[in-house]
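Reader: I am new to this structure. Please show me how to read it, one feature at a time.

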Amino acid sequence: MSNRKRIKITIDGKEIETYEGTLIIKAAEDAGIYIPRLCYHEALKPDGNCRMCFVEIEGLRKPVPSCLTPAKEGMVIRTDTDALKKHRSSILEMILTTHPMDCPICDQAGECALQDYYFQYDLKESRWREKKEKKPKRVHWGKNLIYDAARCIICKRCVRFLDEITGTQELGVFERGIHSYIGLFDGNRIENDYSGNLVDICPVGAITDLDFRFKSRVWFLNRTPSICPFCARGCNIEIHTNTKNPFSSQRVYRIKPRKNLEVNKWWICDEGRYSYEFIDSDRIEYPMARGKKTSWDSVRQEILKIVGKDVRLYVSAWMSNEELTYWMQIAKTFDWKLSLVGKPRGKGDEILKLPDKNPNRKGAEILGIREEIGHEEVAVVFHFLPVSLERHKIKIGIFTNKFEGMDKFDIIIPAAVFAEKEGSWTNFQGKVQNFQKALEPIGEAKSEGEIGEFLANTLGLDLQWEIGKYREEFEKELRKWNG
Amino acid sequence: MEWVIAVAVKVIVIFTWALLTVLYITLLERKESAVIQDRIGANRASILGLRLNGFFQPYADALKMFFKEDYTPPFVDKPFYYLAPLVSIVFALIPVGAVPVADSIGLFGRKFPLSVIGSNVGVVLILSLLSLAVYGVIFGGYGSRNKYGVLGGMRGTAQAISYEVAIGLSLVGVLMVFPSLDLNEIVHLQNRYILGGWVPLWGIFLQPLAAVLFLIAGMAENKRVPFDIPEGESEIIGYFLEYSGMKFGMFFVADFVEILLLAALFTTFFLGGYNLPWLFTEGFHFPWGGSLAMSPIIVRIVQFVTFNIKLWIMIWFLLLVRWTYPRYRFDQLMDLGWKSLVPLSIFNILITAAVMVVIR
Amino acid sequence: MRLFIEAVKGLGVTMKHFFLNMFYHILRFFHLSHKKGETVTTQYPEEKRETFTRVRLRHRLLSRDDGRLRCVACYMCATACPAQCIYIEAEEDPRNPLEKKPKQFIINLGRCAYCGFCVEACPEDALRMDVHVPEISEYKKEDLLYDIDKLTHW
């Protein structure tokens, strides 16, 4: 990068500095000027088939596609002239001759580029008097993908994605002209681990998600930035929730990726996208004693029994940095032993997925917590069962979801999942990333920090759970670890 | 002995009559207000599907009143609280007993007046009992331990006491014209005729000013619109604010008994009481010379019916007034009482005296 | 004195109403006339006032010619509803090109403000408020949740 020449160009009267050879559309976007586009996507090679991104360059007679034109020293570019607006309007009118007007039943409505541009540039009645082209709807492409050929504007983003990012090349454009459609090559199904991203990159509602299909309209959803917990990469995600419907217990409707060039770029894997169900179903909502519902008072009684005994804390690699620091503090005060539990290793790949399926093993590592098996009288287990619990007499569990063998625990305290609390995780690169609270904890569940405060207060220790304070303490540890 | 039986019978008959009348005053109030206001009024209460345009409504109202929860607030002053409705209704009902509904009747060789209290100082009795009725108001207001109740009670008391004076003074003129304190005697005295026997010598013709004054003062004493300041439906509810169920019902009934009483007194003093023109104890004597002999019992019945008709016309008129005028303000009310009614009554007494002296 | 005259005039007004209405009431009682005079009362359960055509009362869901609901569960009504009283659950509709149909369509009439925005918003003309039945009442709060069954049978 650095060996490329710095140049100056002018876009809409604004002088900006960029590298030579940068595409105009990219340079403009970096400078905060948005040029409408349908086929262009930052991550993909430009194709220039939609003609929406045309700009005027001084000295050239005709407008040029900004997604194909590299910037040159001294270019004077205009993106918003009347002629260009008229041009965009014509492009949209042409696309809309074949695009069906089924926005009311289209899941993309509300976040559809075509819809937005129509309202921005076109906004007129259709002049199309012939019958619209009938194309197949509801084509199942494999996994969670539903393709609607009628809505497709042949921008080829999906084709290029499968070419360039996954390299699996399942899709191609078939037929010509108005009859063209995107189709699977013979014998293929889209089964790769990043298929969900096709839904995100499709600018219209041609590719929709079977998992989200007809569940909700997008404008009902609250979007909360968060971090994917399913592997050590810590992909940036957005949790889309809706808690307003009294007739549905579903709270999380879908997971979408957030752009972060250092971690996950624009993508997330299908595992992270479709595994949100554990947030709403099979949750432990009340304190349990040997598999039966009990009260917080009896939890208090049970906790008082461990006074003066040897205790081992099995903290989990799913707890936030702050919670780990806080629990370490508690353990230090009472002289308890600490060890780490987490999900077993799984498969990784070269795009995003990592074999370590825990979001915060790095954080535990920084704090110096290791996986080991203890033989103390009392075990306090977080989230995951350690290899062996047989040696411990009193078993206290802090779990989010129901599992086999819950009745073996003397007490199970309901814990909040990551979407129900705030905190931060350290990913495999040592990057500390925050996640925010998207939902209220289910039932009587509490976050691990609050449970720690409850436990500490029960045992007579005045140690408040303050997320900011423990954040600072963790950062101290992080600096020490980084040297 | 016969005397006791006679009184017992009178008590039962007269008070049954009075309470039935009161019951139907409530219906008349509802129906009349409805008709005045272009409505139809209560017509749903039915017995075996028989509606009769709401004829049974008063019974339904009374039953409802009985079955409503009678809640006593915990903060009230119990003795006064329980006493107030009783005082109200008792002192409203007793004066009704002093009003003669027909001429006295001779039985067992004795003369029985057809009113429960055949007293020869009936007027004074009624006036004194009326002033006692104030205690119901002030007990209710005070016993409720509620600022609105106390306020209502205070207003009611001030109003009642003020208008007592006007009532008393306006009656003085009547008593000067009909020199007796016995109500039956006063009614008798009104069965005389002037102008060749064509015009009956009723109070209203002899004392028109006193009649108007008495009517206004009586309505004010009644504490009903336009003089319902102690109650003020839209503002403070007044001295029975904390009452519910039958205890409120008693205040409510006392209200209507007072209407009956006012109408009965007005009839007695000014409309010739039970007198039907030209009807005497032995029958009609028409001024054009004819006459119609009737047995005394028939005459009593005709008199009773006459009295009732006059009574209902008065009640109708009182209700008409109640549904016509808006409420007075308290200072206006006091002005009206002390600055208009009382001076006018005194003026009326002077004029009456002067005229009587001149005539004599 | 002028006040007195005005007061008597007032009595005259009420008396005029009383006697006029009473006259017609009596005529009617003896079946001599059906005129009501100035009386405006409607004897509700027996006689009902005619509703205006544009009046907004309880909702109904319309059907297509083949008997299935017009509604495509697009949530436009739920989006437009200021009282947020419409709850829809959509499901796959095998018909082409409709794709979508309501599995559950609930209007909470206890919450509804009868503003008619849902009717305005509906792109399929599937929802209307032209059931001219003013008696929208239930014994239980839960019964005011009108589902598809209640909304299609009125």
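Author: Start with one facing pair: A:Ile239 stands opposite A:Ile255 in β13(A).

Reader: Before we go on, what kind of model is this?

Author: It is a predicted model, where local features need pLDDT of at least 70, side-chain atom pairs count only at pLDDT 80 or more, and totals for chains, interfaces and linings use all residues. Residues are numbered from 1 along each chain as its sequence is written, chains are lettered from A and ligands numbered from 1 in the order in which they are written, and side-chain values use heavy atoms, with hydrogens and water left out.

Reader: How many bridges join β12 to β13 in chain A?

Author: Two strands pair if DSSP finds at least two bridges between them. Strands are DSSP runs of E, at least two residues long; helices are runs of H or I, at least four long; both are numbered from the N terminus. Here five bridges join β12 (residues 236–241) to β13 of chain A, and the two run antiparallel.

Reader: Is β13 of chain A mostly covered or mostly open?

Author: Buried means under 20% relative accessible area, exposed over 50%, partly exposed in between, with a 1.4 Å probe and protein chains only. Strand β13 (residues 252–257) of chain A is mostly covered, with six of its six residues buried.

Reader: What is the order of the open sheet of three strands in chain A?

Author: In a regular strand the side chains alternate between the two faces of the sheet. The order in this open sheet is β6-β7-β10 of chain A, with antiparallel pairing. Its edge strands are β6 (139–142) and β10 (207–209), each pairing on one side only. From one strand to the next, the twist averages 35°; axes are lines fitted to C-alpha atoms, for helices over the stretch in contact, and angles run from 0 to 180 degrees between N-to-C directions. Strand β7 (residues 145–147) of chain A meets β10(A) over three bridges. There, A:Ile146 stands opposite A:Thr208.

Reader: Which residues does A:Asp12 touch, beyond those up to four places away in sequence?

Author: Contact means heavy atoms within 4.5 Å. A:Asp12 touches A:Ile33, A:Ile77, A:Arg78, A:Thr79 and A:Asp80. A:Asp12 sits in the loop between β1 (6–11) and β2 (14–19) of chain A. At 36% relative accessibility, A:Asp12 is partly exposed. A:Asp80 is 68 residues away along the chain, yet the C-alpha atoms of A:Asp12 and A:Asp80 are separated by 7.5 Å.

Reader: What about chain A as a whole?

Author: Chain A has 11 helices and 22 strands. Of its 483 residues, 55% are buried. Take contacts between residues at least 6 apart in sequence: 64% join residues at least 24 apart. The C-alpha atoms of chain A fill a box of roughly 85 × 50 × 40 Å along the principal axes.

Reader: What is the phi of B:Asp38, and what is that of C:His31?

Author: Most residues other than glycine have a negative phi. B:Asp38 has a positive phi of about 60°, and C:His31 has a positive phi of about 55°. B:Asp38 lies in the loop between α1 (2–36) and α2 (57–67) of chain B. C:His31 lies in the loop between α1 (2–29) and β1 (60–61) of chain C.

Reader: Are B:Asp38 and C:His31 buried or exposed?

Author: B:Asp38 is buried, with a relative accessible area of 13%. C:His31 is exposed, at 68% relative accessibility.
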